[in-house]
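Welcome! Please take a look at the structure below, and then we can walk through its packing and its rings together.

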Amino acid sequence: AAAHRHRPHLGPEPGTVAVEDHVDDDHLTTGKVDGQFARTFPQSFKLDETSMARGKERFDIFCAPCHGVSGNGAGMVNQRASTLAEGTWVPPTNLGLDYLRLMPVGQLYDAITHGVRNMPPYASQISVEDRWAVVLYLRALQKSKAAPVGELTDAERAALK
């Protein structure tokens, strides 16, 4: 019989996401506090420019193909499927709708994690921290769409035209 060599555990491949990465922080890993969707970001998640930039980058990669770069639901995948007009395509949701702007951040995190309706789950592709970064960026995107024109500067109003 051939002798079996002990091979040391090398750990996960860099850049991969562990499917069952359990951390003792339900708020961070499930988006829930006491069984309810959290209305606040986890304390361990940094609300800063770096997280915002990372959220935009991940949004552009994973969300924009369907939801569009502005989140209005008119991404490239939607445009192509609508052009094919095969009758089975369900357009992606406009992420600026009021019910989504009012949805708890934990519920948005959960939708990214587990999917919703026709949207697939992204837990195996997007890390926990990056899912929160996407939610952070999405909140900023939603606020930018919902700002009253009267609150904008003259330069911002001119840029809209």
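What follows is a short tour of the nonpolar core and the aromatic contacts in this predicted model.

Let's begin with the core. The largest nonpolar core holds 25 residues, and the members that touch the most others are Phe41, Phe45, Phe59, Leu108, Ile112, Trp132 and Val135. Three helices, H2, H6 and H7, each supply at least two residues of this core. Among them, H7 gives the most, with 9 residues. The table lists where these helices run.

| Helix | Residues |
|---|---|
| H2 | 49-62 |
| H6 | 105-114 |
| H7 | 128-146 |

Which residues does valine 135 contact, leaving aside its neighbours within four places in sequence? Valine 135 is in contact with Phe41, Val105, Leu108, Tyr109 and Ile112.

Now for the rings. A search of the whole structure finds 5 aromatic pairs. One of them joins phenylalanine 59 and tyrosine 137, a tilted pair with 5.4 Å centre to centre and 55 degrees between the planes. This pair links distant parts of the chain, since phenylalanine 59 sits in helix H2 and tyrosine 137 in helix H7, 78 residues apart. Are these two residues buried or exposed? Both phenylalanine 59 and tyrosine 137 are buried.

Elsewhere, one aromatic cluster is formed by Phe41, Phe45, Tyr109 and Trp132.

Notes
Residues numbered from 1 in each chain as written. Predicted model: local features only at pLDDT ≥ 70, side-chain atom pairs only at ≥ 80, totals over all residues. Heavy atoms only, no water. Core = buried A, V, L, I, M, F, W, Y, C linked by side-chain atoms within 4.5 Å. Buried < 20%, exposed > 50% of the residue type's maximum accessible area, 1.4 Å probe, protein only. Helix = DSSP H or I, 4+ residues; strand = E, 2+ residues; numbered from the N terminus. Contact = heavy atoms within 4.5 Å. Phe/Tyr/Trp six-rings, centres within 6.5 Å; stacked < 30°, edge-to-face > 60°.
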